[in-house]
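Work through these exercises with the model open. Each task is followed by a stepwise solution.

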Amino acid sequence: GGSGAGKTTFINAVMGYEKAEGKIVYNDTDIYEEYERMKYEIGFVPQQDLLRMSDTVYDTLANAAEMKLPKSISEEKREEKILSVLNRFGLSREKDSLVSKLSGGQKRRVAIAGVMALSPKVLILDEPAAGLDPKGRDEILARIREYHQQTGSTVLLVSHSMEDIAENADSIIVMNNSKC
């Protein structure tokens with residue numbers, strides 16, 4: 001959908017940030033009624049990357065894992081998740097690089113990898129390929145599709161571009177703000 005079509009409002013309703021009139025249900029679970037539990041099962045990557053530029057790539061992912069993964073997960077399992085997502089996103093060579101030194105596409109991959117390392121059951125991405133060249137766009141979308149296929153997680157991808165979703169979506173919602 002275009003600007004003003006309600007994409008952000010829709011995302012906020014699905015995540016439980018702004019309750020809609022009605023229910024949002026995922027696998028028979030009402031997200032609003034079970035918000036305290038469900039908020040850990042929903043991963044969100046906003047359009048603007050929220051990364052600390054003075055951290056390394058590894059530290060960024062480790063910090064996300066420490067903040068969001070259950071405390072019951074062992075250090076070894078947490079480390080395994082971090083290294084796996086670094087590999088999946090082709091960021092292993094950059095793991096000790098400062099985020100500030102990365103290209104735009106690499107920063108985007110770090111932001112998405114940080115959320116994927118948490119293994120959310122619902123992954124919501126707002127314009128994950130915005131500003132990327134065609135190769136970078138294709139790489140990001142391939143990693144997202146691969147994540148869905150490997151985990152069975154539900155992925156909501158918001159985009160202005162049909163190119164981003166035509167080959168990657170199982171279902172499409174088109175939002176429009178014009179009066180019909």
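**Exercise 1. How many residues apart are Arg78 and Glu75, and which helix holds them?**

Solution. 
- Step 1. Locate both residues. Arg78 and Glu75 lie in helix H4. They sit 3 residues apart, about one turn of the helix. The model is a predicted one.
- Step 2. Check the contact. Their side chains meet in a salt bridge, 3.2 Å from N to O. The cut-off for such a pair is 4 Å.
- Step 3. Classify Arg78. Its relative accessible area is 10%. Buried means under 20%, so Arg78 is buried.
- Step 4. Classify Glu75. Its relative accessible area is 55%. Exposed means over 50%, so Glu75 is exposed.

**Exercise 2. Are Asp138 and Arg137 buried or partly exposed?**

Solution. 
- Step 1. Find the link. Asp138 forms a salt bridge with Arg137, and the closest N and O atoms are 3.1 Å apart.
- Step 2. Asp138 has a relative accessible area of 42%, so it counts as partly exposed.

**Exercise 3. Which residues are linked with Glu41 in a network of salt bridges?**

Solution. 
- Step 1. Side chains of opposite charge can pair when their charged atoms come close.
- Step 2. Start with one pair. The side chains of Glu41 and Arg37 meet in a salt bridge at 3.4 Å, N to O.
- Step 3. Glu34, Arg37, Glu41 and Lys121 are linked by salt bridges.
- Step 4. Glu41 is buried at 16%. Arg37 is partly exposed at 40%.
- Step 5. Set the count. The structure holds 13 salt bridges.

**Exercise 4. Is H3 oblique or roughly parallel to H4, and to H5?**

Solution. 
- Step 1. Two packed helices are described by the angle between their axes and the distance between the axes.
- Step 2. Take H3 (residues 57-68) and H4 (residues 75-88). Their axes come within 10 Å and cross at roughly 135°. H3 and H4 are therefore oblique to each other.
- Step 3. Take H3 and H5 (residues 104-116). Their axes come within 8 Å and cross at roughly 30°. Angles under 35 degrees count as roughly parallel, so H3 and H5 are roughly parallel to each other.
- Step 4. Assign handedness. H3 passes H4 in a right-handed crossing. H3 also passes H5 in a right-handed crossing.

**Exercise 5. Which residues make the nonpolar surface patch of about 300 Å²?**

Solution. 
- Step 1. Name the members. Met162, Ile172 and Val174 make the patch.
- Step 2. Ile172 is in the segment after helix H7 (162-166).
- Step 3. Check its accessibility. Ile172 has a relative accessible area of 43%, so it is partly exposed.

How values were computed:
Residues are numbered from 1 along each chain as its sequence is written. This is a predicted model: local features need pLDDT of at least 70, side-chain atom pairs count only at pLDDT 80 or more; totals for chains, interfaces and linings use all residues. Side-chain values use heavy atoms; hydrogens and water are left out. Patches are made of residues with over 30% relative accessible area and no salt bridge: like charges are joined within 9 Å, nonpolar side chains (Val, Leu, Ile, Met, Phe, Trp, Tyr) within 5 Å. Accessible areas come from the Shrake-Rupley method with a 1.4 Å probe; for residues, only the protein chains shown count as cover. Helices (H or I, at least four residues) and strands (E, at least two) are DSSP runs, numbered from the N terminus. Buried means under 20% relative accessible area, exposed over 50%, partly exposed in between (1.4 Å probe, protein chains only). Axes are lines fitted to C-alpha atoms, for helices over the stretch in contact, and angles run from 0 to 180 degrees between N-to-C directions. Angles under 35 degrees count as roughly parallel, over 145 as roughly antiparallel, 65 to 115 as roughly perpendicular and the rest as oblique. A crossing is left-handed if the near helix is turned anticlockwise from the far one by less than a right angle, and right-handed if clockwise.
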